[in-house]
Amino acid sequence: MKRSFFFVCSLVLTFGFGQELDSTALKSQVAEAIRDLRDFIAIPNDALNPSDIDDNIFWLKKQFEKRGFNTAVLDTDNLPLFFAALPMDDTKPSVLIYMHFDGQSVDASKWNQPDPYKVVLKKPDGDTFEKMKFEELGEDINYDWRLFGRSTSDDKGPIVMLLHALDLLKKEETELPFNVKVILDGEEEKGSKPLPNAVKQYRELLQADFLLIHDGPMHASGKPTIIYGCRGITTLTLTTHGPFKPQHSGHYGNYAPNPGFQLAQLLATMKNAEGRVTIPGYYEGISLNEETQTILKSVPDDAVAISEQLQFKTHEKVGSFYQEALQYPSLNIRGLGSGWIGEKVRTIVPESATAELDLRLVPESDGNRLKRLVKDHIKKQGFHVLDHVPNKEERLAHEKIVTVTEGGVTDAFRTSFDNAYGKFLINTLRSTFGEEVVQIRIMGGTVPIAPFINELKIPAFIIPMVNPDNNQHSPNENLKIGQLAYGIRAFHSLLSHRPDK
């Protein structure tokens, strides 16, 4: 590994490429990729349904073996991982590619199509989209048209991009300068809990010189994007308790303690009016020097556009601008519930109120430590903290009770901007697309990559391939056909790039 790493380091500034990718050949490959993507999307992939994952693995096995890969299904503590590798050459550096093939659950009633697992073709029509027949694509494929369906972008689209870039390279008889290994996750959308143990178990099989992750959207500017890290995540569920069952608000309002107000008052102590966490020590260990600030400010974000898109006037003041805000751990209320609302509203004092919190982590913050800080803060507000629903004796013994349930921790990661493989990737993307590459220090979302970095001791980079307005995790998820072409072209270049001797 050290020999191949030095080879790349010493030659990272000079590059030699194979033949130029012909636009007609690319469009022909995109047409084939659309057919494969439609077949792939037609296999439901809800990680909550194990049989879905088995069906997807069967499809993946067939597709990768058809392209010369050796494949394996790697058993884990829960659902299996899918692994594929081209025959190894010890004289070449190895790249490990991570993606996932599971998707978020769907509520078909919220989609503008009957079945989210049957891809629908649409073209832009003002602020909306018009459904088209696939026969209308023609040979001169319109790259502005879109493919709608669950996991078109997150994350089956990038998997198909990789497969069809490999097809193009094979047609060109290009010898790959890397050993290519692929690891595909079947439960990323539910936290990838088995991944840390699995990476330890299959360490030798997964060993590589660097890791590429192809998940999430490109920068809103549409420029080639490389991301050097992502935030981690952990969760807390807070439940306050009032009367042991709902009570008539006429009889017991003003008398029985209301858990909704207790919870609201508790949550209000955790942040100030500008959105900064007020719990002592929450941001400890984070400092952004002048060089880091320059890197953050180089990202071409448009604060006005973000405000207009999300429709708010003033952003929170954790950071003075968007990229700076992402360098700090967050404390987010992701859900609130108490009693009934809307047509089901009742005149009652609820028995409980619940807040679901997620805490996004940065490399300087430890998820378990932050959870302890939050729990200690809750105790200082006069609450008796339990890990279970209180019994009668506990209710009568304490004025204010909160049940706290903790989620697991997915760590953050961040690779240095000075890493030679990062420079290698930037120069490849710049040469391929003729644009400066947007370099993001850490993205706001979470990809469960830390186990690879911690166990394999390799640098990792996220190179997103899909359009930023793809609606991932939401109804009407989509992939712009131009992004399908972009991804094929990017993979084609990244896997054929040859450092000059």
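1. Basis. The model is predicted: local features require pLDDT of at least 70, side-chain atom pairs count only at pLDDT 80 or more, and totals for chains, interfaces and linings use all residues. Residues are numbered from 1 along each chain as its sequence is written, and side-chain values use heavy atoms, with hydrogens and water left out.

2. The sheet. An open sheet of mixed pairing comprises five strands in the order β14-β16-β12-β18-β17. Strands are DSSP runs of E with at least two residues, and helices are runs of H or I with at least four, numbered from the N terminus; two strands pair if DSSP finds at least two bridges between them. At the edges lie β14 (332-337) and β17 (384-386), each pairing on one side only.

3. A strand pair. Strands β12 (residues 232-241) and β18 (residues 401-406) run antiparallel and are joined by five bridges. Thr-239 stands opposite Thr-403 in β18.

4. Packing helices. Helix α8 (residues 259-268) packs on the sheet and touches β12, β14 and β16 (352-361), contact meaning heavy atoms within 4.5 Å. Helix α12 (residues 367-380) also packs on the sheet, touching β12, β16, β17 and β18.

5. Glu-394 belongs to helix α13 (residues 392-397). Glu-394 is buried (under 20% relative accessible area, 1.4 Å probe, protein chains only). Glu-394 has no salt bridge (a side-chain nitrogen of Lys or Arg within 4 Å of a carboxyl oxygen of Asp or Glu); the nearest side chain of opposite charge, Arg-395, is 7.5 Å away. Not counting residues up to four places away in sequence, Glu-394 touches Leu-386, His-388, Val-389 and Ile-401.

Conventions:
Axes fitted to C-alpha atoms, helices over the stretch in contact; angles between N-to-C directions. Buried < 20%, exposed > 50% of the residue type's maximum accessible area, 1.4 Å probe, protein only. Lys, Arg positive; Asp, Glu negative; His and termini not counted.
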